Amino acid sequence: MTAGQRAPRAEVAEARRVVVKVGSSSLTTAEGGLDADRVDALVDVLAAGRGKGEREIVLVSSGAIAAGLAPLGLRRRPTDLARQQAAASVGQGLLVARYTASFARYGTRVGQVLLTTDDTSRRAHHRNASRTLDKLLAMGALPIVNENDTVATDEIRFGDNDRLAALVAHLVRADLLVLLSDVDGVYDGDPARPGTSRITEVHSPADLDRVDIGSAGRAGVGTGGMVTKVEAARIAAAAGIPVVLTSASRAADALAGRDTGTYFHPTGRRSAHRLLWLQHASTPQGALTLDEGAVRAVVEGRKSLLPAGIASVEGEFAAGDPVELRDTEGRAVARGLVSFDAKELPQLLGRSTRELARELGPAYEREVIHRDDLVVLEQ
């Protein structure tokens, strides 16, 4: 390294605000139930990583459902939503109680934050979540974030906490995201087979084009695998946040900026907070098909969507819900939060806002989706 050059992972060691995500398999036994020694080992690392207040840490922790299995007499993770929610209800309390007791050894307070996608894609809910996390950090507490499994539905959920961690990192304007699992990085093949090697750095998604990432997790108590972790890293990197993906046993090395795991370089810039959530965490409740002029205005011009450019409406949704915007070929081109109920829109299609205001009143002289509530999807 020549004079004036920074170490390859200097920004990791210098990160002031860090989001750390840990998976179920790193905290529990394969049969279900918390492993107190594993929780304490992680807390030891996080407490040391915080130092004397020089660094803020947000922990995104899986494990609620897994922790609730054994107490409820369940031998494996259930597949039906109702029993998953029951296990989460029992396990979430056990998980946070364990963290609370473990962090108390260092005089650190923790705060529980449970999120659903609805809490983060809607403007007011998103602002409240951001404000709560910021205030917890400002008061010296360590937020512990998890998906609110007890109330989430099949239609409204993050699907895995890896993606949640990437979005939380963006929400709190983190300098670094650390994804911890039971594998010490991304490999160019099955890490259990001889001859494979760890990929130390990823500069762009193209670096992994020919890599077989695999799918399922090893322990059988979580929902994520390497695919979800790489996707989470891609989301965070595209939002300007560097990512280290490694095993929980190497968390200390990851936080110190040492050569461990796989390091994802930032590939994009930070965008408006809610738009990342809208793109990656919302579930469209309906769809609007646009004419060619409206597609150009939305995609190329980054304009608001007006009634005149809408050809048809699908689905049942209310004002404020996320909807998908499609071109005339049925391809999804954007996503946004709609300003009207589905039942109101048919009478507005193809008409100018001035005409609508004159006939229906001034409340109708507005965009169907404002450009501040709209994100263009990658093509």
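Are H7 and H8 roughly parallel or roughly perpendicular to each other? The structure is a predicted model, in which local features need pLDDT of at least 70 and side-chain atom pairs count only at pLDDT 80 or more, while totals for chains, interfaces and linings use all residues. Residues are numbered from 1 along each chain as its sequence is written, and side-chain values use heavy atoms, with hydrogens and water left out.

Helix H7 covers residues 161–171, and its axis lies 8 Å from that of H8 at an angle of about 15°. H7 and H8 are therefore roughly parallel to each other, a term for angles under 35 degrees, as against over 145 for roughly antiparallel, 65 to 115 for roughly perpendicular and the rest for oblique. Axes here are lines fitted to C-alpha atoms, for helices over the stretch in contact, and angles run from 0 to 180 degrees between N-to-C directions. Helices (H or I, at least four residues) and strands (E, at least two) are DSSP runs numbered from the N terminus. From H7, Asp162, Arg163, Ala166 and Leu167 meet Thr228, Lys229, Ala232, Ile235 and Ala236 of H8, where contact means heavy atoms within 4.5 Å. Five nonpolar, one polar and three charged residues make up this contact of H7 with H8.

H8 (residues 226–238) also gives the most to the lining of the second largest pocket, namely six residues. A pocket is an open set of points on a 1 Å grid over the protein atoms alone, where a 1.4 Å probe fits, with protein on both sides within 12 Å along at least five of seven lines; lining residues have an atom within 4 Å of a point. The lining of the second largest pocket numbers 17 residues, and Pro205, Leu208, Val230, Arg234 and Phe264 lie nearest its centre. By class, nine of the lining residues are nonpolar, four polar and four charged.

Another helix pair is formed by H2 (residues 36–50) and H4 (residues 81–104), which pack at an angle of about 50° with their axes 9 Å apart. That angle makes H2 oblique to H4. Ala36, Val39, Asp40, Leu42, Val43 and Leu46 of H2 meet Arg98, Tyr99, Ser102 and Phe103 of H4.

Finally, valine 376 belongs to strand E13 (residues 374–376). Apart from neighbours within four places in sequence, valine 376 is in contact with Val298, Val299, Arg302, Val333 and Ala334.

Technical notes. Nonpolar A, V, L, I, M, F, W, Y, C, P; charged D, E, K, R; others polar.
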